[in-house]
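Trainee: I'd like a close look at one part of this structure, the barrel and what lines up inside and around it. Please take me through it step by step, with the cut-offs spelled out.

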Amino acid sequence: MSNGTPSKAVPGSEASVLDARRDEQRLHIAVPVKVFPDLKSFESHTCCTYEISPYGARIAALPGINQVGQIIFIQRQNRRARYKVAWIGKPNTSHAGQIGVESMEPSNIIWETEIKARLKQL
C-alpha cells in the first residue's frame, strides 16, 4: 500500500536491480494519467501511477506498449511529456503487468505539483 515514502528495494529482488539503475528516489503516489502508446495516434489509455519521480515513473503495462525503448506520451491534467519505456515487468514476478518509464523531456515534470506537495509532508 502506498504511504508516500520513497521506495526501498529488498536486496536480491528484481526491485533492487531496478533501483540500482535509477538516479533518484520515487515516491509511492497514485496519480491518474493518460498514456498514448503510439505517438501518431490519439488513442489513449487511462491508468494510475504506482510511483513517480521528477524524471520517471512506474505505471501499469497497457495495450500497445510492447518493447523497451518505445517512446510514449504520458499526460497529467493539461501537461504532456514524452517518456521512454525503460523496462517491462517479467511475467510471474512482482513487477508483472507494470512498466518503468524515463522522461525524454527532463525540464517538463508533469506531476511536479504532486511531488512538491508530498515532499512538504515528509
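This is a predicted model: local features need pLDDT of at least 70, side-chain atom pairs count only at pLDDT 80 or more; totals for chains, interfaces and linings use all residues.

Mentor: Happy to. Residues are numbered from 1 along each chain as its sequence is written, and side-chain values use heavy atoms, with hydrogens and water left out.

A word on confidence comes next. pLDDT is the predictor's confidence in each residue, on a scale from 0 to 100. The protein chain averages 83, and 80% of the residues score at least 70. Over residues 1–21 the pLDDT is below 50, and this stretch has 38 contacts in the model beyond near neighbours in sequence.

Now the barrel. Strands here are DSSP runs of E with at least two residues, numbered from the N terminus (the helix counterpart is H or I, at least four residues), and two strands pair if DSSP finds at least two bridges between them. Six strands close into the barrel in the order E1-E2-E3-E6-E5-E4, with antiparallel pairing. On average, neighbouring strands of this sheet are turned by 45 degrees against each other, direction ignored. For that angle, axes are lines fitted to C-alpha atoms (for helices over the stretch in contact), and angles run from 0 to 180 degrees between N-to-C directions.

Let's walk along some of the pairings. E2 (residues 45–53) and E3 (residues 56–60) run antiparallel and are joined by 4 bridges; there Ser 53 stands opposite Gly 56 in E3. E1 and E4 also pair in the antiparallel sense, over 3 bridges, and Val 35 has Ile 74 in E4 as its bridge partner. E4 is joined to E5 by 6 bridges, again antiparallel, with Phe 73 opposite Arg 82 in E5.

The hairpin of E4 and E5 has 2 residues between the strands, and Gln 77 takes a positive phi there. Its phi is near 55 degrees, in a residue other than glycine. Most residues other than glycine have a negative phi, and most peptide bonds are trans. Asn 92 is another such case, with a positive phi of about 65 degrees although it is not a glycine; this residue lies in the loop between E5 and E6. For accessibility, buried means under 20% relative accessible area, exposed means over 50%, and partly exposed lies in between (1.4 Å probe, protein chains only). Gln 77 counts as exposed because its relative accessibility is 58%, and Asn 92 counts as exposed because its value is 81%.

Next, the interior. A nonpolar core is a set of buried Ala, Val, Leu, Ile, Met, Phe, Trp, Tyr and Cys residues joined through side-chain atoms within 4.5 Å. The largest one has 23 residues, and those with the most contacts inside it are Val 35, Ile 72, Ile 74, Tyr 83, Val 101 and Trp 111. The elements giving two or more residues to this core are E1 (32–36), E2, E3, E4 (71–76), E5 (79–88) and E6 (98–103). In soluble globular proteins, nonpolar side chains tend to be buried together. E4 is mostly covered, with 5 of its 6 residues buried. Not counting residues up to four places away in sequence, Val 101 touches residues including Tyr 55, Ala 57, Ile 72, Ile 74, Tyr 83 and Val 85.

Two further residues of E6 deserve a look. Gln 98 is found in this strand and counts as buried because its relative accessibility is 8%. Among the residues it touches, leaving out those up to four places away in sequence, are Tyr 50, Arg 58, Ile 59, Trp 87 and Ile 88. Gly 100, also found in E6, counts as buried because its value is 1%. The C-alpha atoms of Gly 100 and Ile 88 are separated by 6.5 Å, with the two residues 12 apart along the chain.

Finally, the cysteines. A disulfide is taken as a pair of cysteine sulfur atoms within 2.5 Å, and by this rule the count comes to 0. The sulfur of Cys 47 has its closest cysteine sulfur in Cys 48, 6.8 Å away, so it is too far for a bond. Cys 47 counts as buried at 10% relative accessibility, whereas Cys 48 is partly exposed at 40%.

How values were computed:
Contact means heavy atoms within 4.5 Å.
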